[in-house]
Amino acid sequence: GSTARIGIIKARWHPEMSDSLIAGAKEALAACGVKEENIVETEVPGSYELPLAARYMALSGSVDAILPVGILIKGDTYHFEAISDSVSSGLMSVGMQTGVPILFGVLTCMSEEQARVRSIGPGNHGPDWGRAAVEMALLRQSAVGGPKSKFFMGFGDSGEDDAKPMTRPAERIGF
């Protein structure tokens with residue numbers, strides 16, 4: 001993981017739990033050999049803003065994988081379902097559109113107690129998310145040709161000498 005560049009985006013709601021998740025993720029990143037200078041961190045107001053922030057980060061070309069971290073806790077209204085569905089769909093869409101792996105680091109819990117169990121102490125999901133981020137970053141690097149490579153979509157100037165076209169010449173037609 002020493003070549004992996006990982007982005008972490010934190011939603012500010014429930015800071016004690018999200019900080020614990022991020023600390024766990026960063027411990028796992030360090031254990032995988034990710035250099036501290038290769039971790040890019042930012043934050044947004046809430047989980048609903050995670051997909052757009054992930055898109056901006058992915059399009060920057062500065063990271064190989066992104067870990068958005070947020071906590072959604074069910075309340076008495078439909079708000080939880082609307083936000084959960086939107087965030088989940090939005091994060092998947094960003095990954096599919098940009099080719100940058102986006103982890104699902106958003107706890108969607110029925111109670112604050114469930115969120116605490118999954119974020120603080122031995123049940124902390126952060127380390128699993130950190131290891132998954134490194135695995136996906138390395139997968140992306142192998143797919144696009146290295147840690148600093150990115151596909152050039154063919155519009156405008158690539159801005160890099162090592163950018164590759166999105167399509168590769170086919171050796172044969174068909175499967």
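I took a salt bridge to be a side-chain nitrogen of Lys or Arg within 4 Å of a carboxyl oxygen of Asp or Glu, and I looked for such pairs in what is a predicted model.

Entry 1, glutamate 41 and lysine 26. I found that glutamate 41 makes a salt bridge with lysine 26, with 2.7 Å between the closest N and O atoms. Because glutamate 41 sits in strand β2 (residues 39–44) and lysine 26 in helix α1, this pair ties together parts that are 15 residues apart in sequence. I noted both as partly exposed, glutamate 41 at 44% relative accessibility and lysine 26 at 32%.

I then looked up arginine 140, which forms a salt bridge with aspartate 64, their closest N and O atoms being 3.2 Å apart. This pair links distant parts of the chain, 76 residues apart, with arginine 140 in helix α5 (residues 126–144) and aspartate 64 in the loop between α2 (50–60) and β3 (65–73). I recorded arginine 140 as buried, with a relative accessible area of 10%, and aspartate 64 as buried too, at 0%. I also saw that salt bridges with shared partners join Arg5, Asp64 and Arg140 into one network.

Arginine 116 belongs to helix α4 (residues 112–119) and glutamate 16 to helix α1 (residues 15–31), so the pair connects parts 100 residues apart in sequence. Arginine 116 counts as partly exposed, at 29% relative accessibility.

Tally. By this rule I count nine salt bridges.

How values were computed: Residues are numbered from 1 along each chain as its sequence is written. This is a predicted model: local features need pLDDT of at least 70, side-chain atom pairs count only at pLDDT 80 or more; totals for chains, interfaces and linings use all residues. Side-chain values use heavy atoms; hydrogens and water are left out. Helices (H or I, at least four residues) and strands (E, at least two) are DSSP runs, numbered from the N terminus. Buried means under 20% relative accessible area, exposed over 50%, partly exposed in between (1.4 Å probe, protein chains only).
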